[in-house]
Amino acid sequence: RAKNEKSNDFDHNPHLNPFTNRPFSPAYYKILEKRKVLPAWEARQKVVELVKQYQVLVLQGETGSGKTTQVPQFLLLAGIAKGKAIACTQPRRVAAMSVAKRVSEEMDVALGQEVGYTIRFEDRSGPKTVLKYLTDGMLLREAMNDPMLSRYGVIILDEAHERTLSTDILFGLIKEVLPKRKDLKIVVMSATLNAEKFQEYFEGAPMIDVPGRMYPVEIFYTPEPEKDYLIAAIRTVIQIHIVEDEGDILLFLTGEEEIEQACREIRDEVKKLGNEVGDMLVVPLYSSLPPAQQQRIFDQAPPKNKRGVPGRKVVVSTNIAETSLTIDGIVYVIDPGFAKNKIYNPRLRVESLLVSPISKASAKQRAGRAGRTRPGKCFRLYPERAFEKELKENTYAEILRSNLNSVVLTLLKLGIQDIVHFDYMDPPAPETLMRALEELNYLGALTDDGKLTQIGMRMSEFPLDPQMSKVLLSAEKLQCVNEAVSIIATLNVPMIFLRPKDQQSEADAAKSRFAHEDGDHLTYLNAFNAYKLKKESPDWCYDHYLNSRALKQANDVREQLLQIMVKIGMKIQSKPMNDPDYYQNIKKAILSGYFMQVAHLQRAGHYLTFRDDQVVAIHPSSTLDHKPEWCMYNEFVLTSKNYIRTVTEIRPDWLFEIAPEYFDLDEIKNSEAKRKLERVYKRMKESDE
Ligand code: ADP
Ligand code: MG
């Protein structure tokens, strides 16, 4: 027993790093002191013992107690993985990167060596990696090629309470793998939220509770609902800064644009106050922020100013800071009560991100962030009665509010034929599953009886939406692979066109130089090609209101997609630009993936989406210079008005050529668009004869 304890103890050899055989650095010992006071540290013996004894362990603990950073290390040093690697999944890319970096520092190794991370289109792990943080989606992809997950001895499903689509699918998958891999250990980790549900799902799994050290958090409500939560939030930041004691602020907002705006306005307001108040460090946090900037949330608050007033840090964040990342020193939390949530309407086949009220569970988590280091305060920008009466208890699992096309393709690739009776923790609506099967069938990925086709197999190789994968596959025959892959790459990174609030007309003028008259997809292509022609120059990007970071990322994504294409034996070929079919073929390739997202201009002057009959308008950001009768779109944006975004003109006769089953006129109910198509069809037949 005593011996056993020693082998689990970190300082059994206080000088040599067991992973590098080099002496530990001074930084190692400094961090070690911090780690030793984390609640998880106290539980380490118990955790290791339970994992040895049981195949599945559920571990719940307050955010910040050390689950994500410590538990994988305990298991690693205790040799639980038996020479194999440990995987720790994260729903968010930012968390995977940030935590891997932190843990590499804690273990005194170089990031990407013993400790690494893998997120979509970015792999910083290697043959030496024994502890890998990866997004749940990436582990799912690995399972497609290695269904037994044989590389891993331990799999930690972290942030399980988030109930993301990929984590939910991993649950079912792992439940099937467990009896076949008796050596595999699973740890399900979650914030203190409904962890019993995981215990029930993995029948007989023990649960361990890592008690957090929580200080009381005083909650304040507004007497009446706020008309504009952004204005109210900024005002609250300033008030706290003026009247409250030392301590950092965490403000929850819904997305990048809003967060950047709030940061600017807070900085401006603080400047106006002069040195009556302390200096303020305002840092944004959202998923598309580059890693170096994400790190800034961990910077210290500014020191006292000349008048001796202490400084303050304000982190303005999306939901990432709710449970995924812990920022020490937060004493004040401002919660406007909203988050961007995915919703899916299978009848309209529309998946959207919508700003909507959070759940009570989320509100409690947010408040908890204020009480990590000392008693704190949480300012809810809504009345108490709204909290009681209007917020639902929990957020619904993502699987209940998503389009399942990708998931169904993944499950079939994993060899799971009966997707209806798969062991879902919360089964999705049958209608949503049926929609997915139907759409995959139209895309040619499935046979009529739901079996994966050759096309479907190849589509599943790409870490993309099935529609996008289809575009790439079609591009081979249409000889526009280079162009299609550039377009798809730019659609998978943050917006490449910048449009700063105070320079909108300059930005629009700059964008118009890349505009293609046929539509936005080709505008993206023009911008990307120009970027390559200018040797990827960041200065040139800056002058042309292009996001050079996004373009660089697009270039990486493009390379990786090309590698996959080569691997599956595709010919990377394109027609010369002066070929008369050059642009037409690119558009056809895109249409082969997006024929279910077509809109028709009505005589009355507005667009209706084909088949679903939704009134939509082309998004004002579009570079189309006219209103084409037929167009395809990449995205349906639900706001006060319905918009279609990233729109390109098409010709109606292509619809019959590219997706005859979907445009089977006998199946389509009568409409203005149908009558138009009937005429097109008749003309096509006549000219054939
Ligand atoms: P949990 O997963 O239980 O929410 P974590 O393991 O993520 O907790 O974090 C534990 C502690 O480690 C945090 O409270 C914080 O003090 C510290 N920590 C984590 N990441 C970083 C980082 N990147 N920089 C500084 N400290 C960090
Ligand atoms: Mg965590």
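Reader: What should I know about the model before I start?

Author: This is a predicted model, in which local features need pLDDT of at least 70 and side-chain atom pairs count only at pLDDT 80 or more, while totals for chains, interfaces and linings use all residues. Residues are numbered from 1 along each chain as its sequence is written, chains are lettered from A and ligands numbered from 1 in the order in which they are written, and side-chain values use heavy atoms, with hydrogens and water left out.

Reader: At what angle do the axes of α16 and α17 cross?

Author: Two packed helices are described by the angle between their axes and the distance between the axes. Here α16 (residues 405-413) and α17 (residues 430-442) have axes that come within 8 Å and cross at roughly 75°. The two are therefore roughly perpendicular to each other, a term for angles of 65 to 115 degrees.

Reader: Which residues in α16 meet α17?

Author: In contact (heavy atoms within 4.5 Å), N405, V408 and L409 of α16 meet L433, R435, A436, L437, E439 and L440 of α17.

Reader: Which residues come nearest to ligand 1?

Author: Among the 14 residues around ligand 1 (a heavy atom within 4 Å), the nearest are G64, T68, T69, D328 and R372. A polar side-chain atom of D328 lies 2.4 Å from an oxygen atom of ligand 1, and a polar backbone atom of G66 is 3.0 Å from a ligand oxygen atom. Helix α5 (residues 67-77) supplies the largest share of the shell, three residues.

Methods: Axes fitted to C-alpha atoms, helices over the stretch in contact; angles between N-to-C directions. Helix = DSSP H or I, 4+ residues; strand = E, 2+ residues; numbered from the N terminus. Parallel < 35°, antiparallel > 145°, perpendicular 65-115°, else oblique. Polar contact = N/O pair within 3.5 Å; in protein donor to acceptor, adjacent residues only side chain to side chain.
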